[in-house]
Amino acid sequence: MGMGRITELLRQIALVAVMASPVAAEEVPRTFGMSFDEGLSTSGLLDYILPRFALKTGRRFDPEMAADLSLAAGQGAPFAQRGDVVYGVDLLTDSDAAMRFRDWLLSEVGQNTISTFAPETGDPYGPVVIEEVVEEDYFEGDIPAGRLVAETHCTRCHKVSPEDRSSIGSTPSFMAMRALPDWAARFVSFYALNPHPAFLQVDGISAPFDVSRPPTIPPVLLTLDEVDNLLAYVQSVAPADLGAEIQHQ
Ligand code: HEC
């Protein structure tokens, strides 16, 4: 075969090689580190849920890694309750694998998995009884001020109170989101969840907007105080009745 043919062959091989190695592009770590209250481990809960999570998502806990997330009593987004103790999850880094574990813990599947674990001794882990968490005033802030923040900056898309008639129908209302078992985790991180980062920033936390993709609606800048007040307001919102209770079975 002539030179031209060989060059063409080499070009094709190179092309195939490029297409066959998308690995570099999606090299997101599939493992995460974690710190946790010892009881969660000695009770057997972690040994029970971690393999199930790994099976579902291909993401694994690596005991050798520094903590990307922490599971502890009385902190973070509540994911389980044993007796009077409420365990919460806190993300410590932006690890994708850890974020998936957090989301799984707070999801219906995760909650059901936790509830099916039967420890050899002691109480079972139940889903968090949301009313009790609310009584503990999980978020502290100025509720009327938080309502004003919501009415000023969120009603463009969300219905933020039962009286609010201004928002668009397809976006979840605050009352509907408030009824989800993981409402706290969603509201704590809403500014990092799409579509918000495209137009909304929290002072001192958010990265600057991408200069090549400026916001298409008037940008919103919130202070941390405003976010605290917003969270206190959302906590005070009566959850919508979404029919059958999903977290108790
Ligand atoms: C420009 C429209 C718009 C504005 C303004 C807006 N949101 Fe949203 N928000 C959305 C949309 C759309 C979704 C649904 C995203 C989805 O389902 O993936 C959403 C989802 C959410 C969620 C659930 C996030 C998740 O992924 O679980 C929370 C919490 C939230 N918004 C809070 C707020 C708060 C608080 C404000 C005001 C400070 C606000 N939003 C302002 C459009 C908006």
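Around the ligand there are 18 residues, counting a residue when one of its heavy atoms lies within 4 Å. The closest are Cys 154, Cys 157, His 158, Arg 186 and His 196. This is a predicted model, in which local features need pLDDT of at least 70, side-chain atom pairs count only at pLDDT 80 or more, and totals for chains, interfaces and linings use all residues. Residues are numbered from 1 along each chain as its sequence is written, and side-chain values use heavy atoms, with hydrogens and water left out.

Let's look at the metal. The iron atom of the ligand is coordinated by NE2 of His 158 and NE2 of His 196, at 2.0 Å; donors here are N, O and S atoms within 2.8 Å of the metal (3.2 Å for Na, K and Ca). The site has six donor atoms with angles of 87 to 179° among them, and is octahedral; for six donors, that term asks for opposite donors over 155 degrees apart and all others between 65 and 115. The two histidines come from distant parts of the chain, 38 residues apart: His 158 sits in the loop between α7 (143–153) and α8 (174–178), and His 196 in the loop between α9 (183–188) and β7 (200–202). Helices (H or I, at least four residues) and strands (E, at least two) are DSSP runs, numbered from the N terminus. Both His 158 and His 196 are buried, meaning under 20% relative accessible area with a 1.4 Å probe and protein chains only.

| Side chain | Ligand atom | Distance |
|---|---|---|
| His 158 | nitrogen | 2.8 Å |
| Arg 186 | oxygen | 2.7 Å |
| His 196 | nitrogen | 2.8 Å |

The loop between α7 and α8 also holds Ser 173. Ser 173 is buried, at a relative accessible area of 17%, and its side chain reaches the backbone nitrogen of Ala 176 at 3.0 Å.

Now to helix α5 (residues 108–116), where Gly 110, Gln 111, Thr 113 and Ile 114 are buried. They lie on the same side of α5 because they cover an arc of only 160° around the axis, taken from the directions from the helix axis to the C-beta atoms. The cover over these buried residues includes α3 (45–57), β5 (77–82) and α4 (96–106).

Finally, the whole chain: 10 helices and eight strands, with buried residues making up 37% of its 249 residues. Among contacts (heavy atoms within 4.5 Å) between residues at least 6 apart in sequence, 60% join residues at least 24 apart.

Terms used:
Buried means under 20% relative accessible area, exposed over 50%, partly exposed in between (1.4 Å probe, protein chains only). Four donors count as tetrahedral if all angles lie between 85 and 135 degrees; four count as square planar and six as octahedral if opposite donors are over 155 degrees apart and all others between 65 and 115; anything else is irregular. A polar contact is a pair of N or O atoms within 3.5 Å; within protein, one must be able to donate a hydrogen and the other to accept it, and residues adjacent in sequence count only if both atoms are side-chain atoms.
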